[in-house]
Amino acid sequence: MKGFEYLQLELDAMKKEGTFRQLVPLESEQGSKVIVKGKEVIQLSSNNYLGLTSHPRLRQAALDAVEKYGAGTGSVRTIAGTFTMHNELERKLAEFKHTEAALVFQSGFTTNQGVLSAILSTEDVVISDELNHASIIDGIRLTKAARKVYKHVDMIDLEKALIETQSFRKRLIVTDGIFSMDGNIAPLPEIVELAEKYDALIMVDDAHASGVLGKNGRGTVNHFGLDGRVHIQVGTLSKAIGVLGGYVASTKSLVDYLIHKGRPFLFSTSHPPAVTMACMESIDVLIEESELIDRLWENTNFFKNGLKQLGFKTGISETPITPVLVGDEALAHQFSDKLLEYGVFAQGIAFPTVAKGLARVRTIVTAQHSQEELQEALRAFEKAGTALGII
Ligand code: PMP
């Protein structure tokens with residue numbers, strides 16, 4: 001069918017410059033090793049931090065939920081799609097995050113969009129770190145509020161933005177807790193101090209920090225001992241939690257407001273029973289099996305040090321997300337392809353996900369990896385990095 005020649009032209013240009021990507025289908029379940037193109041490779045590209053996607057307790061919870069409640073829910077939450085299990089999951093999340101209330105959305109992406117678009121108006125301003133996740137950027141695009149972007153984790157620039165915006169009704173500072181491409185942690189204690197000094201609200205997206213930082217993986221707010229001083233915590237149920245969905249944890253009034261005004265909540269069908277029950281089980285696992293988090297950090301330190309010793313540049317990472325910086329877009333993809341040839345699945349990440357000239361292969365270790373697997377992965381990095389002149 002004719003009509004999309006203009007898109008094909010762009011795709012052809014991407015193919016020419018080496019940035020066109022095919023999706024890589026996994027032929028096995030998610031894990032420390034996966035099957036790609038018929039070959040077993042070490043998985044260093046997932047967000048499955050604790051290996052919970054295939055945890056026996058989550059599998060069983062999902063199976064039991066299907067048996068008892070069926071496959072779907074048949075409605076949006078506000079019509080007939082709220083089951084007691086949805087409310088129970090929200091109660092558990094609020095308890096876990098030490099907040100009054102929580103509300104679940106279809107994904108972390110829609111949570112950011114739903115929260116930001118609902119709570120800000122023309123009298124308000126949102127002040128956002130320049131490297132915040134795309135879902136925050138898109139959420140901000142949906143608000144009628146004024147916008148300011150501060151330089152990445154630059155507290156002088158944030159303070160400048162706060163000084164310049166004193167006439168607004170509400171100022172909302174938004175930051176990722178752990179930044180998804182560089183793996184650094186937001187300077188939350190300093191952000192909280194500035195917010196308190198200038199009477200601003202704070203929203204933290206802990207998509208990559210929940211299950212990773214803080215007691216039992218409660219996230220950056222808990223990690224820094226800032227419980228009760230951050231107004232809005234957003235998270236995902238799809239990364240360390242291992243399933244699917246997003247949530248906001250905050251006050252009861254914010255949650256009640258979002259039930260009435262959060263558009264993805266209002267107009268999109270609720271989570272199926274298997275997803276909801278598996279998420280609940282996952283929170284119990286975080287509480288009862290905290291050794292998984294210890295193992296994640298042991299693996300992180302082992303692998304990050306190994307990469308550094310080989311001479312790779314890993315930037316400012318402080319968490320299980322470790323970028324291996326190469327700069328050139330096409331080289332990042334070649335590096336990723338070479339790694340796959342040598343038995344490691346680690347995705348090349350280039351513009352527009354990261355700025356031009358900052359292309360990289362991003363690695364994420366999990367609690368599931370054995371030291372032997374990580375050692376084997378380091379050998380593959382050494383071979384591929386040497387072959388391409390990166391080290
Ligand atoms: N926020 C951040 C910081 C993320 O990295 C992601 C996932 N890529 C999201 C939100 C979106 O979460 P989800 O995958 O649940 O939509």
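Leaving aside neighbours within four places in sequence, Leu194 is in contact (heavy atoms within 4.5 Å) with Met155, Leu158, Glu159 and Leu162. This is a predicted model, in which local features need pLDDT of at least 70, side-chain atom pairs count only at pLDDT 80 or more, and totals for chains, interfaces and linings use all residues. Residues are numbered from 1 along each chain as its sequence is written, and side-chain values use heavy atoms, with hydrogens and water left out.

Leu194 belongs to helix H8 (residues 188-197); helices (H or I, at least four residues) and strands (E, at least two) are DSSP runs numbered from the N terminus. Ile316 instead lies in the loop between H13 and strand S10 (321-327). Ile316 touches His152, Asp182 and Asn184, not counting residues up to four places away in sequence. Accessibility is classed as buried under 20% relative accessible area, exposed over 50% and partly exposed in between (1.4 Å probe, protein chains only).

| Residue | Relative accessible area | Class | C-alpha to C-alpha distance | Separation in sequence |
|---|---|---|---|---|
| Leu194 | 9% | buried | 8.4 Å to Met155 | 39 residues |
| Ile316 | 47% | partly exposed | 7.1 Å to Gly183 | 133 residues |

Helix packing comes next. Two packed helices are described by the angle between their axes and the distance between the axes. Helix H2 (residues 56-69) and helix H12 (residues 273-288) pack at about 150 degrees, their axes being 8 Å apart. Here axes are lines fitted to C-alpha atoms, for helices over the stretch in contact, and angles run from 0 to 180 degrees between N-to-C directions. Among the residues that meet are Leu58, Ala61 and Ala65 of H2, and Met277, Ala278 and Val285 of H12.

The largest nonpolar core has 36 residues; such a core is a set of buried Ala, Val, Leu, Ile, Met, Phe, Trp, Tyr and Cys residues joined through side-chain atoms within 4.5 Å. Tyr49, Leu50, Leu89, Leu93, Ile178 and Leu237 have the most contacts inside this core. Two or more residues each come from H2, helix H4 (84-97), strand S3 (101-105), strand S9 (246-250), H12 and helix H13 (291-310). H12 gives the most, with eight residues.

Strand S1 (residues 33-36) runs antiparallel to strand S2 (residues 39-43), joined by four bridges; two strands pair if DSSP finds at least two bridges between them. Val34 stands opposite Val41 in S2. Val34 and Val36 form the covered face of S1, whereas Lys33 and Ile35 form the uncovered one. S1 and S2 make a hairpin with two residues between them, and Lys37 in the turn has a positive phi of about 50 degrees.
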